[in-house]
Amino acid sequence: MNDFGEKEEESLFIKYLSGFKDPLILMLLASAVISIVTQQYDDAISITVAVLIVTLVGFVQEYRSEKSLEALNSLVPPTAHCVRNGSKQDILARELVPGDIVEIGLGDRVPADIRLLKCTGLELDESSFTGETLPCLKQSDPVVATKGELAELTNIVFMGTLVCNGHGRGVVIGTGYNTQFGEIFTLMESEETPKTPLQKNMDKLGKHLSLMSFFVIGIILLVGFLKGQPIQEMLTIASV
């Protein structure tokens, strides 16, 4: 299929809750619960506010990343001018397959990677691929790229690029993820916000502290239980 699939949409609330899976966040929440049980409400409020702020920042970053993917996906046109059975017809772009004949003209977004069969004054905005600010003039003669650069492939038009002038006809050679646009989309899907060395060290420290804290708290509660100490007193000691 000539599309990038549709992920199951999660509610914003569920996406926000996913930020609470971090071990350090879980440890802080446990500390807040213990503070409430021991009636240390000021500490509980401070810890809870800090956790909400941290998880909110992470949620906003993930939300922006998803919106970037949606904006990229919007560059793919919903329909295409396809020639089938000798007649031109408008079909859904996601129904295109390699070998289809497609026509493009002024103002069209290219619905797939297409090798041109003929064209007249065809110019496209390929800045998203090549970085060139000026429109790229296309032609239908065979071309051999010497350095593998996209700018040299003047007989191919790429999915998502915009026709600035002229018109042309060509055969589909790549759809969906098997296009230059698809490669960029895949990279953005798999890309995560890079973490600094400090953030990586903090993640490791948080995991170690979480394990150690739960282990020590468990030992304190077990010893207190065996000695018959009140549970509230044991929680007070553990929270310290």
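Is Arg84 buried, partly exposed or exposed? At 25% relative accessibility, Arg84 counts as partly exposed. Here are the cut-offs: buried means under 20% relative accessible area, exposed means over 50%, and partly exposed lies in between, with a 1.4 Å probe and protein chains only.

Before I go on, a word on the source. This is a predicted model, so local features need pLDDT of at least 70, side-chain atom pairs count only at pLDDT 80 or more, and totals for chains, interfaces and linings use all residues. Residues are numbered from 1 along each chain as its sequence is written, and side-chain values use heavy atoms, with hydrogens and water left out.

General point: side chains of opposite charge can pair when their charged atoms come close. We call it a salt bridge when a side-chain nitrogen of Lys or Arg is within 4 Å of a carboxyl oxygen of Asp or Glu. The whole structure has 4 of them.

Arg84 pairs with Asp100, and their closest N and O atoms are 2.7 Å apart. This pair links distant parts of the chain, 16 residues apart. Arg84 is in strand β1 (residues 79-84), while Asp100 is in the loop between β2 (87-92) and β3 (101-104). Strands and helices here are DSSP runs numbered from the N terminus: E for strands, at least two residues, and H or I for helices, at least four. Asp100 is buried, because its relative accessible area is 10%.

Next pair. Lys88 bridges to Glu103, with the closest N and O atoms 3.4 Å apart. Lys88 is in strand β2 and Glu103 in strand β3, 15 residues apart. Lys88 is exposed, at 54% relative accessibility.

Then Lys138 and Glu126, where the closest N and O atoms are 2.7 Å apart. Lys138 is in the loop between β5 (136-137) and β6 (156-157). Glu126 is in the loop between β4 (113-125) and α4 (127-130). What about cover? Lys138 is buried at 4%, and Glu126 is buried at 2%. One more item on salt bridges: shared partners join Lys88, Glu103 and Arg169 into one network.

Now the core. In soluble globular proteins, nonpolar side chains tend to be buried together. A nonpolar core is a set of buried Ala, Val, Leu, Ile, Met, Phe, Trp, Tyr and Cys residues joined through side-chain atoms within 4.5 Å. The largest one here has 15 residues. Leu96, Ile104, Leu122 and Val157 have the most contacts inside it. Strands β1, β3, β4 and β7 (162-174) each supply at least two residues of this core. The largest share, 4 residues, comes from β4.

On to the helices. Helix α2 (residues 23-37) has 15 residues. The expected span is 1.5 Å times one less than the number of residues. So α2 should span 21 Å, and its end C-alpha atoms are 21 Å apart, which agrees. Buried residues in α2 are Ile25, Met27, Ala32, Ile34 and Ser35. After α2 comes Gln39, with a positive phi near 65°.

Helix α3 (residues 41-73) holds Ile45. Ile45 is exposed, with a relative accessible area of 54%.

Last, cysteines. How many disulfides does a search of the whole structure find? The search finds 0, where a disulfide is a pair of cysteine sulfur atoms within 2.5 Å. Cys119 is partly exposed at 23%, and Cys164 is partly exposed at 31%.
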